[in-house]
Each structure stands twice: as structure tokens, then as C-alpha cells.
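Grab a pencil and work through these exercises with the structure open beside you.

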Amino acid sequence: MSLETSLEPPLGTRWARVLLVAFALVHVLLALSAGPTPLPVTVAALAAITGAAAILVLTPGRVLSERGTAAVLVLSAAGLAAVVPWLPAAGWPGYAAWPLGAAMIIAIGLAVRGRIGAAWLQMAVMAALSLVWSARGGVSPLAGIGLVDRHAGTLLLGTLFAVGLRRTARSHDELLAVQRAEILERGRAEAELAARREVVDRVLAEAGPILTRIAAGEEFDDEERARIAAVEGNLRDEITLGPILSEQLDQALEAARQRGLDVLVLTEPSVRDLSTPVRMRAAQWIAGQLDRAGGAEFVGRVVTRGRDARVSATVGEHIEDRIITEVDD
């Protein structure tokens with residue numbers, strides 16, 4: 001099962017690059033076909049605003065970096081300042097005010113890239129420069145506000161879209177986290193089952209011939225009796241330790257019995273309901289106690305305490321215990 005790593009906004013994708021090219025072409029046509037601004041100034045303004053759009057689209061990541069945000073704001077403000085205050089005050093500027101539309105589109109892009117505050121800062125810059133235009137032309141400030149009021153409404157809708165996209169992305173990421181956890185849990189369970197099957201096959205391969213010899217009434221020497229006792233212990237482990245049996249614990253049990261230690265580890269049926277990490281940590285703790293155990297007898301226990309496990313090891317008169325949680329310190 002393959003999973004997408006994140007729900008990214010439609011920026012930085014192939015289609016976004018196509019939109020960037022379209023943005024540049026449209027504003028080239030608008031900039032060069034209308035307005036009294038001298039050509040060199042128009043080209044410089046166009047380059048600044050197109051550069052801001054390129055940074056917005058091509059910078060990777062969901063949230064635009066602080067440096068990238070600052071660059072977008074500076075370039076957009078430069079492009080606006082080069083054209084907007086110098087527009088003719090006689091009548092509606094029309095397409096000559098193209099930097100305002102371009103800056104509004106960039107502001108929406110900033111909101112989508114997680115920079116809503118910067119988007120509205122850009123709108124404030126647009127409004128301020130429009131007021132400068134009205135003051136220079138000797139017209140009412142309302143005329144300057146009239147240049148950007150509809151852009152503000154458009155940005156408000158873009159901001160609401162960006163907020164909704166952010167919430168959708170958060171829900172998507174939470175779903176991905178749950179799916180990854182399920183896949184990891186399934187993988188651990190499959191690995192645990194495969195290891196248990198391997199151990200069971202080995203134990204059955206050892207026990208089968210011995211049971212046949214016992215059924216035939218054969219006599220066994222001391223060495224064979226010790227081997228039978230080890231096989232018996234392995235069978236008992238399969239019955240009592242199924243929920244926590246692992247390769248590490250199996251090796252520790254075998255090594256302890258080879259040292260002559262009489263080993264008994266008991267578990268509650270409810271241990272099966274514990275999460276795999278808790279059961280594996282419990283198995284590791286028991287294995288560590290077995291590796292350090294001396295004497296003649298070892299008794300281990302694993303019992304449930306809600307979602308946690310309590311483990312204990314008794315060697316002679318010495319007892320150690322511990323609570324095993326999902327994430328141990």
C-alpha cells in the first residue's frame with residue numbers, strides 16, 4: 001500500500017508552472033499594451049512581479065519560508081510602486097493598473113502557502129499606493145480605495161479557501177499518520193507471527209522424535225533427560241508465552257536452560273490485547289533479566305495494567321518488577 005506523504009497545495013506542481021507561464025504572458029500583454037509608464041520602468045515592474053510569482057510557485061514546501069515571503073513582498077511592492085502612483089488620474093486607469101491585479105493574485109498565493117498575514121500586508125501596500133495615486137492626482141481618497149476594494153473582497157475569498165485547505169491538509173496528514181501506524185503494526189504482527197512459526201516448527205521437529213521414543217517405552221540417560229526437559233520447556237513457552245514470545249526472548253530462555261536454570265514465565269490471557277510495542281518491550285525486559293539471572297530457578301510474570309504491562313522476575317528471594325508502557329523512559 002503506497003501513501004502520499006502530504007496533501008500539498010497546488011503550488012510547485014507541473015500545472016502550477018503552467019499557470020506561472022500563463023501569468024507571465026498575460027501580464028506581459030497587459031503591461032506593454034496599456035499605461036503611460038515608460039517602457040524601461042514597465043519592464044522592471046513586470047520583472048519584479050513575475051519574479052515574486054516565480055518564488056511563490058517554485059519554492060518547495062507547504063509553507064513558504066520567511067525569506068521567500070519577504071522576497072515576494074519586496075518584489076511585489078517594488079513592481080506596484082513603479083507603476084501605481086504614476087497612473088493618470090483622469091478617469092478609470094483600466095488595464096494600466098495591471099500591477100494591482102497581479103499583486104492580488106500573488107497575495108492569494110501567499111495565503112495558500114500559509115502566509116495569510118503577509119497576504120493582507122500586501123493588500124495594505126496596494127491600498128497605500130492607491131491612496132498615493134489619488135493624492136498625486138488630486139482626486140478623492142475614495143477613488144484610491146476604489147482601485148483595490150474588489151481586490152480585497154477577492155483576497156477575502158482566497159483567504160477562506162486557504163484556511164479550508166489548511167484544515168483539509170491537517171485532516172489528511174492525521175489520516176496518513178493513522179494509516180502508517182496501522183501498516184507498521186501489521187508489519188510487526190506479521191514479523192512476530194513468522195518468528196513464532198519458525199520457533200514452533202523447530203520445537204515440533206525436536207519433540208516429535210522424542211514423543212515417538214517415549215511412546216515406544218525407551219529408556220533415556222541423564223543427557224537425554226536434560227534435552228527432553230529443554231524441549232518440554234520450549235513447548236510450555238509456546239503455550240504460556242505466545243503473546244510475548246520473540247526471537248530475543250527465545251534465545252534468552254534457551255541460554256538460561258543450558259546454564260541449568262529452571263525457567264518458568266507466566267502470562268495472563270489479557271496480555272494478547274496489549275499493543276505490539278508494549279508486548280515486545282515486556283519480552284525484552286524478561287530476556288534481559290534471564291541473561292543476568294543466576295541460581296537454580298527463575299520465575300517471570302507478565303500481567304496487564306490497563307493499556308500497560310507489569311513484568312516481574314523472581315530469582316531465589318530477589319524480586320524485580322516494572323511497569324512497561326508504550327514509550328518507556
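Buried means under 20% relative accessible area, exposed means over 50%, and partly exposed lies in between (1.4 Å probe, protein chains only). You're looking at a predicted model, where local features need pLDDT of at least 70, side-chain atom pairs count only at pLDDT 80 or more, and totals for chains, interfaces and linings use all residues. Residues are numbered from 1 along each chain as its sequence is written, and side-chain values use heavy atoms, with hydrogens and water left out.

**Exercise 1.** Find Thr154 and decide: is it buried, partly exposed or exposed?

Solution. Start with its place: Thr154 sits in helix H6 (residues 141-215). Helices here are DSSP runs of H or I with at least four residues, strands are runs of E with at least two, and both are numbered from the N terminus. Next, take the relative accessibility of Thr154, 32%, which is why this residue counts as partly exposed.

Now look at the neighbours. A contact means heavy atoms within 4.5 Å. Leaving out residues up to four places away in sequence, Thr154 touches Met104 and Ile108. Thr154 and Ala107 are 47 residues apart in sequence, and their C-alpha atoms are 10.0 Å apart.

**Exercise 2.** Check whether the span of helix H4 (residues 98-112) agrees with its residue count, then work out how many of its residues are buried.

Solution. The expected span is 1.5 Å times one less than the number of residues. H4 has 15 residues, so the span should be 21 Å; the end C-alpha atoms are 22 Å apart, which agrees.

Just after H4, Gly114 takes a positive phi of about 85°.

**Exercise 3.** How do helix H2 (residues 39-58) and helix H3 (residues 66-83) cross?

Solution. The axes of H2 and H3 come within 8 Å and cross at roughly 155°. That makes H2 roughly antiparallel to H3, a label for angles over 145 degrees. Finally, see which residues meet: those in H2 include Val41, Ala45 and Ile49, and those in H3 include Gly68, Val72 and Leu75.

Note on methods:
Axes are lines fitted to C-alpha atoms, for helices over the stretch in contact, and angles run from 0 to 180 degrees between N-to-C directions. Angles under 35 degrees count as roughly parallel, over 145 as roughly antiparallel, 65 to 115 as roughly perpendicular and the rest as oblique.
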